[in-house]
Amino acid sequence: MARNSSDTRERLLDAFDSLLDAHGTAGATLDAVAAEAGVSKGGLLYHFGSKAKLVEGSLERLRANVDADIETMRSSQRGPHIYYLETSAEVGTPLDRSLMAASRLAQEYEEARSALKDTREQWFAVLNDHLGDPHLAMTIQLIGDGMYLNQNFGLSEEEALLHVKNVLARLGL
């Protein structure tokens, strides 16, 4: 039975993102991606004709993950600012994996830096629209950044989110 072409494409992107996270761009070679995905190099080249096309595919997936996150953030019953803070500490999600891959790519590729900048601007716009205060929106975003950084490097405190929520409650948020 032939495999679904979109499943193979996703497996290749998963492999690429995983290798980027573990070994950086130097370790995410075409041969390594094909092996990690369990696909022949010819199969890889059928879907992504070059490493540049893999980069493009990875960043397209980041944008799709961010679009879905923005939609969920806007409609969150708890409010976009609480949603943003709660999800900032999540690791291992499709969005997190895409962000980590883009962060690695940003070391060498301007388009990855641009995609990460666009992501931050989109999150900021939702926070600012909701809060009506660009300084408060930036503060929430920076707190989320810190929570994300701490979680990804195993430095997170168990009570960090509760602490932040208590402070926001005192501010009437």
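**Ground rules.** I am working with a predicted model, where local features need pLDDT of at least 70 and side-chain atom pairs count only at pLDDT 80 or more, while totals for chains, interfaces and linings use all residues. Residues are numbered from 1 along each chain as its sequence is written, and side-chain values use heavy atoms, with hydrogens and water left out.

**Fold.** I find 9 helices and 0 strands in the protein. Helices (H or I, at least four residues) and strands (E, at least two) are DSSP runs, numbered from the N terminus. Along the sequence I read α-α-α-α-α-α-α-α-α. The C-alpha atoms fill a box of roughly 60 × 35 × 30 Å, taken along the principal axes.

**H1 against H2.** I looked at helix H1 (residues 5-27) and helix H2 (residues 30-37). Their axes come within 9 Å and cross at roughly 135°. Axes are lines fitted to C-alpha atoms, for helices over the stretch in contact, and angles run from 0 to 180 degrees between N-to-C directions. That angle makes H1 oblique to H2. Angles under 35 degrees count as roughly parallel, over 145 as roughly antiparallel, 65 to 115 as roughly perpendicular and the rest as oblique. The crossing is right-handed; the near helix is then turned clockwise from the far one by less than a right angle, and anticlockwise if left-handed. On the H1 side I note Arg 11, Leu 12 and Phe 16 among the contact residues, and on the H2 side Val 33 and Glu 36 are included. Contact means heavy atoms within 4.5 Å.

**H1 against H6.** H1 and H6 pack at an angle of about 45°, with axes 9 Å apart. That makes H1 oblique to H6. I log this crossing as left-handed. The contact includes Phe 16, Asp 17 and Leu 20 of H1, and Arg 97, Met 100 and Arg 104 of H6.

**Largest pocket.** How much space lies in the largest pocket? I get about 520 Å³. A pocket here is an open set of points on a 1 Å grid over the protein atoms alone, where a 1.4 Å probe fits, with protein on both sides within 12 Å along at least five of seven lines; lining residues have an atom within 4 Å of a point. A volume is the space filled by probe spheres set on the points. I count 25 lining residues, with Ser 88, Leu 95, Leu 99, Trp 123 and Tyr 148 nearest the centre. H6 gives the most to the lining, with 6 residues.
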